[in-house]
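Here is a report on how two protein chains meet. Please look over the sequence and the structure first.

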There are 2 protein chains.
Amino acid sequence: MNLRELSQVLGLSQTTVSRALNGYPEVSEATRQKVAAAARKHNYRPNTRAKGLATGRAMAIGHVIPVSSQHEVVNPVFADFIAGAGEIYARHGYDMMLSLTGNREEARLYRDLGAKRSVDGIIVHAPRVEDDRLDLLQDINLPFVVHGRFGGPTDGYNWLDMNNRRAFARATGFLAELGHRRIALINGLESMDFAARRRDGYLEALNNHALSPDPALMVSHEMTEFNGYDATLALLDLPCPPTALLTSSMISALGVRRACHERGLVMGRDISLISHDDDLSYFRNGGRVPDFTSLRSPVRDHGRRAAEMLLRVIDDPDSTPITELLEAELQIGLSTGPAPAPLRPARQG
Amino acid sequence: MNLRELSQVLGLSQTTVSRALNGYPEVSEATRQKVAAAARKHNYRPNTRAKGLATGRAMAIGHVIPVSSQHEVVNPVFADFIAGAGEIYARHGYDMMLSLTGNREEARLYRDLGAKRSVDGIIVHAPRVEDDRLDLLQDINLPFVVHGRFGGPTDGYNWLDMNNRRAFARATGFLAELGHRRIALINGLESMDFAARRRDGYLEALNNHALSPDPALMVSHEMTEFNGYDATLALLDLPCPPTALLTSSMISALGVRRACHERGLVMGRDISLISHDDDLSYFRNGGRVPDFTSLRSPVRDHGRRAAEMLLRVIDDPDSTPITELLEAELQIGLSTGPAPAPLRPARQG
DNA sequence: CAGGAAATTGAAAGCGCTTTGAAAATCGGG
DNA sequence: CCCGATTTTCAAAGCGCTTTCAATTTCCTG
């Protein structure tokens, strides 16, 4: 059933039917009712493509998800981010289009999106420290919002990010104040911007507490359970092992915990751990009292906010760039405690 | 740059340019070259909506992902499934459209997809035992492929599933043959078809080994690490605890392992575990020798196959239903061993 | 070199919708 | 009851592409 057929059924012109359905004021209430009833009865929905062609709007948002070519890995945070964004799109009648791409064809994909006009805007995921996408994006003529930030200047485009630097400085400082002097960082891939900022925050806090960074305590990997486990074992095998760990994801934190248990260490007593926590639906952090002390920053909420931001930008393309910096919440759980005795934290100061 | 402009630049008709770009034979090689060069130079891509309107094809596939309204949970297997499907779509020039929906608006969403014609076919996720979607899907006129099967008759529609029943029968049998008599099942939500079939396979194998099922050993939950942990602790607290466990997901298996460690049980010696393993990129099962004995069935591969199947159906809509039943591979790892002595397995038979 | 066949190009209609500009119907006031 | 103002409706153009059918050009053969 298309518009022509529907209007024939009603004995009205396409114009009137279209207007009635789209809420234009110049159609009488009586006919509007009739039209609405007929549309419902015949299960009429305007053809997306035709509508898009006529209005110049696709009513769709593109998400470009880089698939790390190294390990062909799909980050589970996308699932939650997209769930959040999807809520907003649904509410505003937008569809969500997903493109997965390796680094190779990335440029072509963005140009395609720009030229094919199948979406009204895009959300850019997983910005890297060195990333040539910014120029590209500014070149193709499509509104976009970045989840995170690119390395380099952070103005001139729309982004939504959490304050990775401050969060990790905060957590590191918290551990230092508990008397820990050897604090390890189990980070994500530091070619990713978020991981680089976390490292910077970590280093900044070490510096503020007069602790000198030790490269042996800083590792950077894809954030899997397995990597968290491996990294922790290696760290514990060090001649002078850390007494506290900082990890970039709940998933690696699971591996950290496993390694610690395996070595007979009790978390919060023998060793302390703070994890970043994206609040993924499949990895809730304990119940009332969280298992892990964590930096909480629900990625699903990021999805919602980024989507709202993009829709705003689409409605007003010439607005000055919007940015939103979210603070993570330091949530004290069971996995942190004062540095164990051998370090004699009481002696200091 | 659109087709009209491009053809004006070239001094050719739109017809010829369109034909040249789409590889029709009735255009001379010379002009084809010229057209291709100009298109490249001006970065021309046909407008998706216009092309779709003219051809009647959206060149897009819809994925409808139910969001479990109970806990607002997005299953991480979707990420990998979609990565697999996305590969195939990209290769064939299709886009991927995602819709997330709670059970409430499900029916309306499918009807929308059918009527709006914004996709050429859909992949249906997470079929339930009781599921009214089959009628709905047959009603709206769109090709579809189900990942999994609905409860009830399994013919008359296209699906791709793993042999859940046989896999779990196999694993249960394997444990029974190791002498285990108290085998617990930590299943996913048994309102889901896959989980119901797994339970059936488990029961079938128990029966074949003359073991009577014990409701206290069968639990059914959302498959999170936390639930796996909780369930295992509860099972171990039973007056007569299980000596072997079967779990429906690597993620819950992580929780199972944690609970076991916490109770000082060594996996493969004091207690055995077989996990289903979707081979998710963030939860690889150990290295050369897998940590867990597991039923391996890579969901990313399912995604690829389901996508290929759907494209085939779209090309030939009147074909008889295609179905594909994949067998999981039982992969022996370190988490299984003979039942511990107290049960005296040697006595039997 | 004529003439028909084959190869190549083009004009125009159509896909299903929105929207402009014009026409028809209705209304209110003298 | 008539006329201008206001509502309400409609015909037709246009969005950017494909495709049918017709026109033109090129080629080959006798």
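**The interface**

This is a predicted model. The contact draws 53 residues from chain A and 53 residues from chain B. About 4800 Å² is buried between chain A and chain B, and carbon and sulfur atoms give 58% of that area. Three residues stand out on one side. A:Arg45, A:Arg49 and A:Tyr282 supply 19% of the area that chain A buries against chain B, more than any other three residues.

Between chain A and chain B, the count is eight salt bridges. One of these joins the side chains of B:Asp95 and A:Lys116, at 3.7 Å from N to O.

Which elements of chain A supply at least two residues each to the side that touches chain B? They are α4 (48–55), α5 (77–92), β2 (95–101), α6 (106–116), α10 (225–236) and α11 (250–262). Helix α5(A) gives the most, with six residues. By type, the residues on this side of chain A divide as follows.

| Residue type, side of chain A touching chain B | Count |
|---|---|
| Nonpolar | 22 residues |
| Polar | twelve residues |

Strands of a sheet pair through backbone hydrogen bonds, either parallel or antiparallel. Here β2(A) pairs with strand β2 (residues 95–101) of chain B in the antiparallel sense, over three bridges. Within this pairing, A:Met96 has B:Leu98 in β2(B) as its bridge partner.

These two strands belong to an open sheet of twelve strands with mixed pairing. The order is β11(A)-β5(A)-β4(A)-β3(A)-β1(A)-β2(A)-β2(B)-β1(B)-β3(B)-β4(B)-β5(B)-β11(B). The edge strands are β11 (323–326) of chain A and β11 (323–326) of chain B, and each pairs on one side only. On average, neighbouring strands of this sheet are turned by 20° against each other, direction ignored.

At the chain B end, strand β5 (residues 158–162) of chain B and β11(B) pair in the parallel sense over four bridges. B:Asp161 has B:Leu325 in β11(B) as its bridge partner.

**A helix across both chains**

Which strands does helix α5 (residues 77–92) of chain B lie across? They are β2 of chain A, together with β1 (60–66), β2, β3 (121–124) and β4 (144–147) of chain B. This helix runs at about 175° to β1(B).

Methods. Residues are numbered from 1 along each chain as its sequence is written. Chains are lettered from A and ligands numbered from 1 in the order in which they are written. This is a predicted model: local features need pLDDT of at least 70, side-chain atom pairs count only at pLDDT 80 or more; totals for chains, interfaces and linings use all residues. Side-chain values use heavy atoms; hydrogens and water are left out. Contact means heavy atoms within 4.5 Å. Buried area is the accessible area (1.4 Å probe) that two parts lose on being put together, summed over both. A salt bridge is a side-chain nitrogen of Lys or Arg within 4 Å of a carboxyl oxygen of Asp or Glu. Ala, Val, Leu, Ile, Met, Phe, Trp, Tyr, Cys and Pro count as nonpolar, Asp, Glu, Lys and Arg as charged, and the others, Gly among them, as polar. Two strands pair if DSSP finds at least two bridges between them. Axes are lines fitted to C-alpha atoms, for helices over the stretch in contact, and angles run from 0 to 180 degrees between N-to-C directions.
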